[in-house]
Amino acid sequence: MVQVYLLSEAQGLGKEVLGGKGFGLVGMAQAGFPVPPAFIVPTEACRFYLREGAVPGLWEAVEAKMAALEGLVGKRFGRGEGTTPPLLVSVRSGAPVSMPGMMDTILNLGLTLEGVGALARATGNPRFAWDTFRRLVQMYGEVVLGVEPQAFEALLEEAKEKRGVKADTALGAEDLEALSFRFLRLLEERGTPFPMDPWAQLRGAIEAVFRSWQNPRAKAYRRIYGIPEEMGTAVVVQAMVYGNLGEDSGTGVGFTRNPATGEKGLYGEYLRNAQGEDVVAGVRTPEPLEALKAYAPGVYQELLQVAERLERRFRDMQDFEFTVERGRLFLLQTRSGKRTARAAVRIAVEMAEEGLISKEEALLRVEANALPGLLRPAVDREKAPKPLLRGLPASPGAAVGHAAFTNEAVERLSAQGLPAILVRPETTPEDITGMYLSRGILTARGGLTSHAAVVARGLGVPAVVGAEALRVFPEEGRAVAEGVEIREGDLLTLDGGTGEVYLGVVPLLEGGDTGLLGKLLSWAEAHRRLGVRANADTPEDAQKARALGAEGIGLCRTEHMFFAPERLPHMQRLILAADEREEEEALAQLYAFQKEDFKGILRAMDGLPVTVRLLDPPLHEFLPPEEELKKQAEAGDGGAKALLQRAQALKEANPMLGFRGVRLLLLRPKIFHMQLKALLEAARELREEGLDPRPEVMVPLVADPKEVERARALAEELFQEYGPIPFGTMLETPRACLLAGEIAPLVDFFSFGTNDLTQMTFGLSRDDAGRFLPRYLEEGLFPFDPTERLDEKGVGRLLRLAVEEGRRANPRLKLGLCGEHGGEAASVRFVEPLLDYVSASPYRVLTARLAAAQAGLERRKTPLGVE
Ligand code: PEP
Ligand code: MG
């Protein structure tokens, strides 16, 4: 039988049982914060309900706890007595992991027509009583009975029109009474009458919250954040307090530190004379908490103390909801607040310096994958024109994209590879797909704690919210701002760090560190064993990576150097060469370019290893597209004609699995020779300048030890002249992993090319997977995209095997990884105990450094082998 817990009975239970909301309430009640009494239906009940359709014994347990709740507040559930109003409750979802706004909540539950009279008498405020009732009927109708919100909105609009008023608050008691009856009739007509029985309401609401775990937006959210499907949600049933009892009441959201910047201090928003979700939903734009100083200084003081105490208790930045009922403060919820990457770093560092948490905890608190976002660009205000609009800076970073007014429009643009800016009146949880896919988000309404703001920060998407001069008409595919019309597809630039929005494309400035990140990463170094290098193939990228802490280059893709406009013709001449002389000439040109490139890179990485990978792609990639060549050839261009013939000869059905990598290098050994000689010569010249270059050479795509043997022999010819440098191979075919024990004695290092290894292990191509991978993820066939995050089960198994057999066969073997996964936190944590280093694109070096330290810290907590 499931247990249901009063707050006082749930001490010691964790979030996985009580959900985040229940857990926070229990902690607050225990610490003596003013929390309205409540009980919690645990997550287990939800799981049981979703599996079996009913939970034995649940209603008896709920009734017993409701009796206890009645005792605590001195009111009867749903029944007023004399001047005592009825006890009404809120029924809220609360998953173990925060999923803001994704599931359902119902307020004012337990009210019936009979109760309305009692509530009116008890409060002396019939308007309030009817407003409370019509809100309940509306919410219950939408959430439990499944009636579309527009049906209620239309009736509300009608009532306002009849009265000739604009705001809901201008409707009087009689209007709201009439509206309530109109709502009740609507539900009758739909064949889903409103239950005039408090207990039936309670059952309906709890079951609806259970079911809301499975609604499409909650599922989408879990998919995006990798939250397990099977957790389920807890349900919190809590005595209502009212923020809509008049001007001395209200409701708000507070943060103990600024969630955008991390700055310490009470921060938040307040709506006077309003209830519950009004703030979060962003329907009315609230005022900053400081406004309370003027008209409710006592409450403001109390909030300051609450913020201080909450942080000390929960040892993290808290995001709390509160209600003021006739001047009395109640806390309804607290949780660790979502924050931008910049704020996360500042909060972690400052809390450690304040002594609230340890440095180690600080390191574990920051999401490593979010760090590159810290360096996000901003609008270059010196070069920018006057902004078209200003809103609230909700999520930092600048974005340029095409206006899209619906999820579908964002999807359409993304499918064409175009960046989108989602423009909405306000966002609701339904918009999650569009928000996820867009480069930036702009809303006309809502504050810094609105849905749009919270979700955008979590996703790391730049956002400007509450741009009040904007009118959005999604159905018409247009918006109007300051007399300017914005149509779908129009280009916009927005800066979520300043709140400014511009028409067209505006120059951007690169992002940067505030100094705190450097401090956090310096703490990380003590716990990091895994080396971190960068994937870079220009001196500029190498410099940038070094500044970000890269300890060398793990992958320099030499083919990128041949694509530059002044070099491509030489590469094409090499491909077309009719005889040896022509070939030699082209090679000599390329040699000169390549040597200069290598010098630049080795110079930038002086004293650190630089792994140069010899040519990898198939040759046809250096020729213009066939269609273009055909057109030029038809127009009589002889050069194009020759290129076309060559392109046709080189054409492959599966170039990814074709004549490339080591295959090409062994069969066109002059290319191999030219590249390696350029590298060795570059190093020699630098040494003559007194520098300390550390080149390494690597061959891609091997599948057999024979290939490695042959490549090594080619390299040795040059090593005799220049002296040896470390020689290695990429492990990026499954066969190379399986034969790692035979390959290892032939090389100095392996570097796992997990991009190709993933493709070949799954039998999918990075270029074509877009056709089915999104659907696979949507349908839960894959838990995550294996091209982004390393698949531990399959690809990881090959990698482990190769590491073990490789090390056994060659104890001096160095092991690295240079696929995209080297800059993804979960993948770095997986390989941390296995490899010597990972290599990531320059900005993601930050992610790799922190993730490697986190893995080191966690390994110490759980000794190796005890997983
Ligand atoms: C790889 O395959 O993982 C790799 C690093 O090489 P590329 O992405 O250039 O194929
Ligand atoms: Mg590869």
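Biologist: At what angle do helix α6 and helix α7 pack?

Modeller: In this predicted model, helix α6 covers residues 149–163 and helix α7 covers residues 173–189. Their axes lie 10 Å apart, and the packing angle is about 150°.

Biologist: Which term describes the direction of α6 relative to α7?

Modeller: Angles over 145 degrees count as roughly antiparallel. The angle between α6 and α7 is about 150°. Therefore α6 is, relative to α7, roughly antiparallel.

Biologist: How many residues of the contact of α6 with α7 are nonpolar?

Modeller: The contact includes Phe 152 and Leu 155 of α6, together with Leu 179 and Phe 183 of α7. Three of the contact residues are charged and none is polar. The number of nonpolar residues is nine.

Biologist: Is Leu 619 buried or exposed?

Modeller: Leu 619 is placed in the loop between β26 and α23. A residue counts as buried under 20% relative accessible area. Because its relative accessibility is 5%, Leu 619 is classed as buried.

Biologist: Which residues are in contact with Leu 619, leaving aside its neighbours within four places in sequence?

Modeller: Contact requires heavy atoms within 4.5 Å. With neighbours within four places in sequence left aside, the residues in contact with Leu 619 are Met 571, Ile 575, Leu 650, Leu 664 and Arg 668.

Technical notes: Residues numbered from 1 in each chain as written. Chains lettered and ligands numbered in written order. Predicted model: local features only at pLDDT ≥ 70, side-chain atom pairs only at ≥ 80, totals over all residues. Heavy atoms only, no water. Axes fitted to C-alpha atoms, helices over the stretch in contact; angles between N-to-C directions. Helix = DSSP H or I, 4+ residues; strand = E, 2+ residues; numbered from the N terminus. Parallel < 35°, antiparallel > 145°, perpendicular 65-115°, else oblique. Nonpolar A, V, L, I, M, F, W, Y, C, P; charged D, E, K, R; others polar. Buried < 20%, exposed > 50% of the residue type's maximum accessible area, 1.4 Å probe, protein only.
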